[in-house]
Every structure is written in C-alpha cells, then in structure tokens.
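Subject: Structure for you to look at

Hello,

Please find the structure below, handed over for your reading. My notes on what was found follow it.

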Amino acid sequence: MTHMSDTTPELASWDSHTRRLIMLYVPLGCFMLILLFPFYWMAITAFKPNGELLDYKTNNPFWIHSPTLDNIRKLLFDTEYPRWLVTTMGVAFGATAIALVASVLAAYAIQRLRFKGSKWVGLAIYLAYLVPPSILFIPLAQVIFSFGLFDSPMALILSYPTFLIPFCTWLLIGYFKSIPYELEECALIDGASRLQILRRITLPLAVPGLISAGIFAFTLSWNEFIYALAFISSSEKKTVPVAILTELVQGDVYQWGALMAGALLGSLPVAVFYSFFVEYYVSSLTGAVKE
Amino acid sequence: MNIITRRSVLATGTAAAASLALPNFAMSAIPVVDATPPKLPIENGATLRVLRPTKFVGPDEEIFRENIAKFTAQTGVAVRVDFVGWEDLRPQVGVAANTGAGPDVVVGWPDDPHLFSDKLVEVSDIAEYLGKKYGGWYNLAERYGKKWGTNNWISIPMGGSGGPCVYRKSWVKEAGFDSIPTDHAGFLTLVRNLKKIGHPSGFALGNAVGDANSFCHWLLWSHGGYLVDESNKVAINSKETIEALKYARELYPNFIDGTLSWQDPSNNKAFFAEELGMTQNGVSVYFAFKNDPSKAAQAADTDHAPMPLGVSKTRAETALILNAMVFKHSKYPNASKEFIRFMMEQEQYEKWLTGCIGYWAQPLKAYAQSAVWTSDPKIAAYRDTCGMEYWNGFKGPISQASGAATADYVNVQMFAAVASGQATPEEAVREAERRARRFYR
C-alpha cells in the first residue's frame, strides 16, 4: 500500500483529475496528433497499393485494407536508394563533424576570450546564417568549381558548414554562457592553458550542448536540398531528398507510395539518432549546468 | 572524366534491355528530302555529358539510352546521360551556365536557351539540315529554337508536350454533347451539365507549372487577351482579359471542389479515381487507365480534343518544349552537335517518338506521318502540339521577363483571384498588370 502511494503522484488540493484532463492530457493529445499525423500518413502511404491511394471513395484514406511491400521493393531494388542513403549519411556526418569543430572554437572564443568586438563577430556570424541558400548557390557553385569539387560529395561536405557553423556557433555560445566562468578561473589559477581548459573542463560540461548542435547540424545536412541539387549532377552521387524526386516523379505522375517509402526510410536514421541522445538534447535546451 | 560507373554499366544494360522494347518497331514511310549533314569532325578523345529531364514513361528513358548506345557504337564517343526531376532541371542549368562547368549538352525547358543565349554554341547548321530533310520545323519549335528576332538557332527542340482537353465520352454525352464544343458558350453549358449529372469537370487553378498555366493561358488567349504586345509592353489590362476573367468566374463554381489548390498530379489522381468528367492534361491521364488492365473500360471511354478555340483562329494552347542546347564550355562542341543531330535522325528519333506514345510530339513536320499517331486514334489530339501559335509571354519576345512572369504565376493567380471571389476582374487585372510590369521594365 505504501509502495503504491509512492509511485502515484499526489494531487494538490487545487488539482483534480478533470482539471488534469483538460489542462494537460487533452492539449498534449492534440499536440501529439498534430506532430505524429504526418508520420502516420507517410507510413500508411508507403504500404498502400496504388488502387487504394487513388480511390478514396471506396477506400478509407486513414487505413490500409490490403497492405503491400511493393513500394518498398520498388524503392530498394528498382532504384539506387541504398547508395543514395550511404552518400547522404557520409555527407551529413562529414559536414556535422566539420561544423562542430569550427563552431566549438568560434563559440568558445566569442564567449570566453572576450576580445574587443567579440559581440559584433557573434552578430556577424549570425547574420551570415540569414542569407538564404537560394541566393548563395550560384556564387558558391563558382567557388566549388574553382576548387575542382563540382559533382563530388566533398562539394556538399564543405559547403554545408556555411550554414551549419553560424547556427551551431550561436547555439553553443548560449550553452557556454550557462557554464560558470569561475570553473575556468580556478583552472587558470592552477596553470591550465586555454586549450586545456576547453578540452578538460568546458567541453565535458558542454556535452549536451554539443549533442544538441550535432543533432541539428545532422538533420539540416540530411534534409538539405538546393546545394545537393545544384552541386551534384551525377545520378549515383545524389542525396536522398534530391534523388527520390528525380526517380519517382515522372512528369505529372507522382509515385506516392514509393516516395513515401523513401521518406520513411530516409527519416529512420535521423529518428534513431535522436532517440539515442534525446535526454542530452532536452537538457541542453533547458540549461543543465547551474551556478 | 571517369565515365565508367555502375550507373553507366546499368545504362548499357538498360539499353540492351530496351532493344527488347518495341520489338516489332518498323520505321514509317515518312517524307524525307535528301540533305547533306553539316561537316562536324568529332574531336579526338571526345566524351559527352548530357543532362535531361526525367522520363515521362519507361520507354522515354530506355529508348533514349538505346540511341545513345548506338551513337557510342558508331562514333566511339562515350556519352553519359543524367536524368533530373522536371522542377529541378533549371537550377542545374543555371549553375552550368554561370560556372562554365557541367554537362556539354542540356536537354532543357523552352525558355532556358533564351536565358543563357550568350553561353550557347550556335546550332543553325544542324537545325537547317534537319529542317530541310524532315519537312521543316513547326511554328513553336522555330519560336523556341531561334534567338528572338534573328535567324540564328541557339537550340534544337526535340519534342513538345501538349495539354488538350481530356474527357469521359459517356459522361460528356450524358451531359448533352457528342464532342467538346469549340465555342465558349457551349463549353460553359457542358461544364454546367457535367456538374449537374454528378461528374464535374476540374481545371487546375493552383500554382501548377503545367496544368494551371495551360488552363489559364487558354482562358486568356481564347478570349483574345495577351500579356504583352509585340513591342514588349505590358498589355494584359484589356477588355478581352476582363471578358476572360468573367468567363472564368462563370466556369469555376461548376468545377469539382479544390481546384484552387491543385498541383499537376491532382487532376491525374481525380480522373483516375473517376471523380472527374473532364480536365486538361497531357496524355498521362489516359495512359494511367490504359496501363491498368482492370480499367480497360475507362480507357475506352476516355478521349482527347482541342480546347475550344473561342475567338482565336488557331488552338489557343501552347506546349512544353524539350529544348537541346550545347554550352560553350564544352570541350567537344562538334561531338555535342553531332550527338543532337544523330538523336533527331529517323532511325533513332521515330523509335523514341513511338515509345513516348504521345507524351512528346515531334518538332519536325515529317514525323507527323509516323505510325505512332495512327496506332491509337485517341492520341491524335497531341500530334500537332508543336504547331501551336502561342507561347509563354505571347505576343512579346521569349525572354527572361516572359520566363519570370510565367514562373511567378502572374496569369494563373489573376484567374484564381477572380474564381475564388477574392478580387473583381478589374482588380485582378490591375494587380496582374502591376506584377507583370516588375518583370517587363
């Protein structure tokens, strides 16, 4: 009896089950519905035969009557999807790694070294993030070409940090700000160099922030479209978002089943990645280190 | 350049497999005039990269690859072809033009050569040869192939995709018509009657590149309106446009619900689901039925016809032209031009045209005699697609401005605003005029 009362949250005097239902569970349910419905739609479309997809008069659009694996088979065996997936993953990991290293150094310098004009540098980095890729892709293509990287995954690995670094830097500036400066001062008194402080004190404390920045960078790289479209012209070197459109949209006929299967399989690695680090991710957004 | 890739090996395999496609193909007796091809000695060690839009139907790509394999076998020039999504082609062309890198040959969209004309190799020699040999070029092919106001060819049109009226014969008959009327009043009656019998029509009014532009251009041109005049001055604010807008306001309430947000695949889906009695589209709607054995009756009941002429003397429609161009940055311009010429010769072209079963129509008049156009009488409405007298930005030059005004859906959104009741015809046309002037400065 005592044990049960330990696990059941005690209601405050002003609280009630009805109040909880209305204030908590109903809004939470609505929120979940709005967030998860697109995934549900994507999943059921991936397993629907064409007849059901196109005829909602005789078929319930929200359910599958005769599930099929045809769309998955088409995607995996009639296209080069596995290869696109590997390319996309390589590009996303490469770009994320470069962006994280550069962002850690930039954010630490701006937040901790406190040099003259550091605030303006931070602002300038953020402003760079606001320039839309649709304006940048042609001048950037000229740079990529002059480095001989055109039509190679390296073009994407090196160009994605142009928007990842500003974003991650700003995220990490905020996180570094939450780490007490006194810890670093103690280390300085003990004779540690700046790099030692960064490596042994700041970075271990900033792991949730790094993971958060990494997840954002990975997701942005994974979903990026315009650079991947413009800098890669060979079919086999394309990334998933570009390649599935090329292969599965034929004029005005969209292969919705296979497209959704591609989107579903493409979103799984990101979802798995998130699930491993979700606790760090949340703690980085809520601020984990208290003074 | 590394051209031996898994893809190219696959491509060779596909080409070999494609030779099994259309196994009984025999060339038609099309009228051909003796002509000497231009001397284009292929550069030593030439290899080519070609970029083109993704296939409409399987044979479009398969026979294209098969023809490429033949070209390689005959000339020793290795060709690598990449296919790219329709909407995604233009950014790649823009990058190629601005960086001076990328494919040697781009089979792009109608306006593309006019946007980058200074980056292209002139192809008048092969255009004149092909025109002479194959009965001349259709009107729209000349419009889009030649640099505006000159006789210089900057691209070779390879095909055109049209969008006539697609309808269910039995339902149109039930609505009181044996065929699609050629006048506006009759067409309005048909649209109303189709709604009454529960098989409404539907025409795209969303930002749909193909279908909405086709429909709204038809509305404008068939009433005698046009975006700009011959001197490139914005001329959309006219009584003809107002008439067209009023007519659209009459039509719209009789459409199936949702056409204001329709994209290109929307009418395909609705027609296949048998929710739609009539629409405007390429041949894909019909072939969705034809390729499904369980829909044989629906395929038999589907037919195509030109949209009503209205006050226009010729079909008030245009076509999506497939335009091949050679970039100056190519190290092998002769090989590139020779490649395009080779692909347009009857031995290659007619088989590709036949495989495309009406999705693409020929730009050269002699190919109108190809057996593909009599193989299925229902696709005859697509045969003269490239012979249309209208183009995007009619009556002005094909230019960056005409391309931008079309891409910004100036005309489509004008009609959508009136159809939805958001604006009166007078307000909508003033707004369209203001927007068009931003492009035509």
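B:I357 counts as buried, because 20 C-beta neighbours lie inside 10 Å of it, and 20 or more is the cut-off for buried. Please keep in mind throughout that this is a predicted model. B:I357 is placed in the loop between α15 (346-355) and α16 of chain B. Its phi is near 40°, which is a positive value in a residue other than glycine. For background, most residues other than glycine have a negative phi, and most peptide bonds are trans.

B:E274 also has a positive phi in a residue other than glycine, here near 60°. This residue sits in the loop between α11 (264-272) and β6 of chain B. Is B:E274 buried, exposed or partly exposed? B:E274 counts as partly exposed, because it has 17 C-beta neighbours inside 10 Å.

B:K395 lies in the loop between α16 (372-375) and α17 (400-407) of chain B. The peptide bond that joins B:F394 and B:K395 is cis, with omega about 5°. B:A29 belongs to the loop between α1 (6-18) and β1 (47-53) of chain B. B:A29 counts as exposed, because it has 9 C-beta neighbours inside 10 Å. Although B:A29 and B:Y367 are 338 residues apart along the chain, their C-alpha atoms are separated by 9.6 Å.

Next, the sheets. Strands of a sheet pair through backbone hydrogen bonds, either parallel or antiparallel.

In chain B, five strands form an open sheet with mixed pairing, in the order β2-β1-β3-β8-β4. Which strands stand at its edges? They are β2 (78-84) and β4 of chain B; each has a single partner strand, so one side of each is left without a neighbour in the sheet. On average, neighbouring strands of this sheet are turned by 15° against each other, direction ignored.

Strand β8 (residues 320-326) of chain B pairs with β4(B) in the antiparallel sense, over five bridges. Within this sheet, β8(B) also pairs with strand β3 (residues 105-108) of chain B, again in the antiparallel sense, over four bridges. To locate these pairings on the model, look for B:G159, whose bridge partner in β8(B) is B:L322, and for B:V105, whose bridge partner in β8(B) is B:V326. Strand β4 (residues 156-161) of chain B is mostly covered, with six of its six residues buried.

Chain B also has an open sheet of three strands, in the order β6-β5-β7, with antiparallel pairing. Its edge strands are β6 (278-280) and β7 (302-305) of chain B, each of which pairs on one side only. From one strand to the next, the twist averages 25°. Strand β5 (residues 165-168) of chain B is joined to β6(B) by three bridges, and the two run antiparallel. In this pairing, B:C165 stands opposite B:Q280 in β6(B).

Now the helices. Helix α14 (residues 333-344) of chain B has twelve residues, which at 1.5 Å a residue should span 16 Å; the end C-alpha atoms are 17 Å apart, which agrees. α14(B) is mostly covered, since eleven of its twelve residues are buried. Among the buried residues are B:F339, B:I340, B:F342 and B:M343.

Two packed helices are described by the angle between their axes and the distance between the axes. The axes of helix α9 (residues 211-221) and helix α18 (residues 410-419), both of chain B, come within 9 Å and cross at roughly 75°. α9(B) and α18(B) are therefore roughly perpendicular to each other, because angles from 65 to 115 degrees count as such. In the contact, B:A212, B:N213, B:C216, B:H217, B:L219 and B:L220 of α9(B) meet B:N411, B:V412 and B:F415 of α18(B). By class, this contact has six nonpolar, three polar and no charged residues.

Last, the two chains. How many residues of chain A are in contact with chain B? There are 25, and they are in contact with 31 residues of chain B. On the side of chain A that touches chain B, the elements that give two or more residues are α7 (133-146), α13 (226-231), α14 (240-248), β1 (249-250) and β2 (253-254) of chain A. Of these, α7(A) gives the most, with four residues. The residues of this side of chain A divide into 14 nonpolar, seven polar and four charged.

Regards

Technical notes. Residues are numbered from 1 along each chain as its sequence is written. Chains are lettered from A and ligands numbered from 1 in the order in which they are written. This is a predicted model: local features need pLDDT of at least 70, side-chain atom pairs count only at pLDDT 80 or more; totals for chains, interfaces and linings use all residues. Two strands pair if DSSP finds at least two bridges between them. Axes are lines fitted to C-alpha atoms, for helices over the stretch in contact, and angles run from 0 to 180 degrees between N-to-C directions. The expected span of a helix is 1.5 Å times one less than its number of residues. Angles under 35 degrees count as roughly parallel, over 145 as roughly antiparallel, 65 to 115 as roughly perpendicular and the rest as oblique. Two residues are in contact if their C-beta atoms, placed from the backbone, lie within 7 Å. Ala, Val, Leu, Ile, Met, Phe, Trp, Tyr, Cys and Pro count as nonpolar, Asp, Glu, Lys and Arg as charged, and the others, Gly among them, as polar.
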